[in-house]
Amino acid sequence: MREARQNGVPVTVLGGGTNVLVRDGGIRGLTIRLAKSLTKVEVEGMSVVADAGVLYPVLANTTAASGLAGLEFATGIPGTVGGAVYMNAGAYGSETGEVLDWADVFRAEAGEVVRMQNSDLHLSYRKSILHEHPDWLVLRAGYTVGPGDAGLLKARIKGFRMQRMNGSPNKPSCGSTFKRPPGDFPGRVIEAAGLKGTRVGNIEVSPVHANYLVNLGGGTAEEALELIDLVRRTVREKLGVELESEVRVIGEP
Ligand SMILES: Cc1cc2nc3c(=O)[nH]c(=O)nc-3n(C[C@H](O)[C@H](O)[C@H](O)COP(=O)(O)OP(=O)(O)OC[C@H]3O[C@@H](n4cnc5c(N)ncnc54)[C@H](O)[C@@H]3O)c2cc1C
């Protein structure tokens, strides 16, 4: 990142790439993908330190197997630790900010690593201070978990997985497309607006779960963005509900 900065090369950081829609022109400059590279997990007592590239389902399994409770929700989130801090990712009524203590963040502009405490990260619903600092890179994160029974925790994870398998489409997607509007669910309002099964090109509002836009094969980012726009407009016109995208759009048209 330092070299890139010095040479004016733009940098894009990816974890697992599970919450990004890359526009059809691709990404210029240097792209750093951390999944599968920074993958160490250390457990000491009730504290867990995980590198940014550790996959969240792996973290859920590792901690549960050690009899540590609190990260079971991570099983349903296919991204990395870094991406989960960035997004304050959550599922099944829990989210990252509830168990996260700190994150070590490389701040490219200053060339230093700063340990940012939970409160410094300004975590809110699918948001963090990192959204305002594209030059900041999460290197690792520290969590505090509680004691639990390994067998029960594994059963809980299995339950979450079953729920997921039955309630979400088995086709490529970015997961939830839109954030929850106040007091409601995006899947419910999109379905109520009659949009299930709507297609633009090869991108479809999933008939299984309306907040998932799935790629039926060969769909383009442009089609996905057009469908996102169509869904937002229709839901606004028919139900007066404003939907905000959860997916991060990156790259060039
Ligand atoms: C099938 C499916 C189901 C999903 N279910 C859920 C769910 O239940 N709950 C939920 O919250 N999300 C869900 N998601 C979305 C996604 O998995 C999460 O947002 C996840 O936290 C993204 O992690 P990632 O590593 O893939 O990040 P990426 O998609 O790679 O990146 C997302 C953003 O984070 C930034 N980023 C990534 N890593 C770092 C880093 N180390 N340092 C700084 N910035 C970084 C990127 O620049 C980008 O802006 C789902 C996605 C899919 C495909």
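In this predicted model, the largest nonpolar core comprises 44 residues, among which Tyr56, Val81 and Val85 touch the most other members. Strands E1 (11-14) and E11 (136-144), together with strand E5 (47-51), helix H2 (56-65), helix H3, strand E9 (100-107) and helix H4 (150-167), each supply at least two residues of this core. A second, separate core holds 19 residues, including Tyr212, Ala221, Val231 and Leu243.

When residues up to four places away in sequence are left out of account, Tyr56 is in contact with Ala74, Ile77, Gly79, Thr80, Val81, Ala84 and Ala89. Tyr56 is also one of the buried residues of H2, the others being Leu59, Ala60, Thr63 and Ala64. Just after H2, Gly67 adopts a positive phi of about 70 degrees.

The ligand is surrounded by 31 residues, of which Gly15, Gly79, Gly82, Gly83 and Gly175 are the closest. At least two residues of this shell come from each of E1, H3 (81-87), strand E7 (90-91) and E11, and H3 gives the most, with five residues. Classified by residue type, the shell around the ligand consists of 16 nonpolar residues, 14 polar residues and one charged residue.

Conventions. Residues numbered from 1 in each chain as written. Predicted model: local features only at pLDDT ≥ 70, side-chain atom pairs only at ≥ 80, totals over all residues. Near = placed C-beta within 6 Å. Helix = DSSP H or I, 4+ residues; strand = E, 2+ residues; numbered from the N terminus. Nonpolar A, V, L, I, M, F, W, Y, C, P; charged D, E, K, R; others polar. Core = buried A, V, L, I, M, F, W, Y, C linked by C-beta atoms within 7 Å. Buried ≥ 20, exposed ≤ 12 C-beta atoms within 10 Å, placed from the backbone. Contact = placed C-beta atoms within 7 Å.
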